[in-house]
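Thanks for coming. I will go through some helix packing and then the ligand site.

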Amino acid sequence: MESEQRALTGWGRTAPSVATVLRASAEELQSDRGQDALINTRGAIARGLGRSYGDPAQNGGGAVIELQPGSDPIRIDSETGIATVDAGVSLDTLLREIVPRGWFVPVTPGTRFVTVGGSVASDIHGKNHHGDGSFGAHCTALTMLLADGSTRTITATSDPDLWWATIGGMGLTGLILDVSFRLLPIESRHCVVDTQRVPNLDQLIEKMEASDHLYRYSVAWIDLVATGKNLGRSVLSMGNHATIDDLRELNSKAVSNPLDFDPPIFPDIPKQPLNVWSRNAVRVFNELWYRKTPKHHHGTESLTGYFHPLDMAGQWTRLYGRRGFLQYQFVVPFEAIDTMRTIITKISEEGHASFLAVLKRMGAESGGLLSFPKPGWTLTYDLPAGVEGLGPWLAELDELVLGVGGRHYLAKDALATSDVVAAGYPRLEEWKSIRRRVDPDGMWASDQARRLDLI
Ligand SMILES: Cc1cc2nc3c(=O)[nH]c(=O)nc-3n(C[C@H](O)[C@H](O)[C@H](O)COP(=O)(O)OP(=O)(O)OC[C@H]3O[C@@H](n4cnc5c(N)ncnc54)[C@H](O)[C@@H]3O)c2cc1C
């Protein structure tokens with residue numbers, strides 16, 4: 001077990017705090033020495049690969065645990081398609097192991113560089129949420145190290161309270177040691193993707209409502225600086241996993257080795273923070289991005305090109321400059337589509353410009369008491385931190401979101417207040433009482449938990 005004092009931030013590089021970082025395996029943490037190391041007056045919290053944007057994987061003045069995978073970190077039952085994976089394993093490592101064997105993860109976020117533990121703790125969603133739900137919906141068992149020092153394997157039926165408090169519970173109910181979940185069988189390392197330019201928001205909404213059910217994956221990049229008749233113009237991309245027959249028709253070169261999977265790791269963008277952001281730069285970038293997309297294209301894309309394009313530029317967040325950046329993500333119910341229109345209009349006309357903005361329809365809730373996804377429309381949008389007037393301006397958006405029963409994603413949050421979270425998560429008090437039961441002395445704690453009054 002290694003231990004050092006280190007300053008940590010989330011992916012947005014805002015709000016650093018210094019913690020005692022413990023790099024340890026599950027076995028080490030279960031030993032007396034490990035249990036002693038976890039005792040800290042400011043508590044302890046797990047950290048995966050730090051891909052949440054704000055401070056949920058930080059614990060200033062306390063302990064932060066970087067869980068190291070064990071000697072046999074990925075166990076697959078090829079009869080049932082259930083994998084049991086050590087929580088510290090990244091999706092990148094996992095995919096390198098399972099894709100060549102004909103499996104894919106049931107849910108992937110926009111980067112492979114998250115851990116399985118972080119995927120459960122944030123109950124992550126992907127481009128398939130409208131049909132397949134979130135990561136937690138595919139989990140069958142969790143092994144956890146609890147505040148009383150015991151290690152327990154739980155399921156949704158054996159310990160329903162702890163289960164649903166942990167799925168999406170941001171690491172605050174215990175340390176997840178391993179996760180069992182159903183894999184998705186695939187025939188190739190490609191997807192068949194239909195990409196189309198959509199000239200405005202109304203047409204985008206119409207198209208997504210009419211065709212999402214035909215595709216496993218669907219998401220739209222949206223130009224949030226376009227206004228007037230171009231308001232909400234987008235690039236809609238919808239896909240399914242490619243079968244061998246699809247490859248024969250669309251990509252015959254890939255037929256001979258359909259499951260080869262060895263994506264390159266790309267170099268980081270230079271250390272010097274660049275800050276290329278300005279409304280004009282974004283306008284030019286968005287114009288080019290929209291124009292370069294064919295009006296309609298039907299073809300194959302690799303799993304990495306389709307799901308993880310941002311992984312092709314390591315540490316791209318440096319493009320936002322020294323002050324870092326935020327990602328604002330919320331969901332509003334389907335019936336509140338007019339509010340989504342109002343928000344998109346507001347951002348486009350008066351807002352802080354963004355390169356990266358995506359709109360997606362979400363499906364069923366998983367049951368996690370603090371899980372973010374619920375049926376409705378979700379908008380995700382990056383913006384540089386430290387811009388004057390940003391806080392009050394986002395508070396106006398918060399009001400619109402909460403006014404129609406929407407909520408904000410804790411894995412992306414860096415600025416929310418306890419009131420905003422309480423209003424968005426109606427089962428927060430139930431979650432807190434379960435948490436108090438499993439952790440009466442407040443062993444698990446994070447900067448975010450203190451900021452949002454979760455503990
Ligand atoms: C480029 C990019 C794209 C993204 N796209 C999406 C997306 O499409 N959909 C989506 O849902 N999210 C998305 N995210 C967010 C990301 O999926 C989540 O923040 C995820 O939780 C990060 O995993 P991590 O392993 O880095 O966890 P961290 O960020 O290190 O931690 C996140 C939370 O998980 C907890 N945690 C981590 N490991 C454990 C453990 N072993 N036991 C208990 N708790 C643990 C931490 O305490 C913390 O509360 C994206 C992030 C980036 C940077």
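Start with helix α7, residues 201-211, and helix α11, residues 337-350: they pack at an angle of about 140°, with axes 12 Å apart. That angle makes α7 oblique to α11, oblique being whatever is left after under 35 degrees (roughly parallel), over 145 (roughly antiparallel) and 65 to 115 (roughly perpendicular). Axes are lines fitted to C-alpha atoms, for helices over the stretch in contact, and angles run from 0 to 180 degrees between N-to-C directions. Helices are DSSP runs of H or I, at least four residues, numbered from the N terminus.

This is a predicted model, where local features need pLDDT of at least 70 and side-chain atom pairs count only at pLDDT 80 or more, while totals for chains, interfaces and linings use all residues. Residues are numbered from 1 along each chain as its sequence is written, and side-chain values use heavy atoms, with hydrogens and water left out.

In the contact (heavy atoms within 4.5 Å), L201, D202 and I205 of α7 meet I337, R341 and I344 of α11.

Next, α11 against helix α12, residues 390-403: the axes come within 10 Å and cross at roughly 170°. So α11 is roughly antiparallel to α12. On the α11 side the contact involves T339, I343, K346, I347 and E350, and on the α12 side W393, E396, L397, L400 and V401.

Now the ligand. Which of the 34 residues around the ligand come nearest? They are A46, G48, S52, T115 and H125, where near means a heavy atom within 4 Å. A polar backbone atom of A46 is 2.6 Å from a ligand oxygen, and one of H125 is 2.7 Å from a ligand nitrogen.

Definitions and conventions. Helices (H or I, at least four residues) and strands (E, at least two) are DSSP runs, numbered from the N terminus. A polar contact is a pair of N or O atoms within 3.5 Å; within protein, one must be able to donate a hydrogen and the other to accept it, and residues adjacent in sequence count only if both atoms are side-chain atoms.
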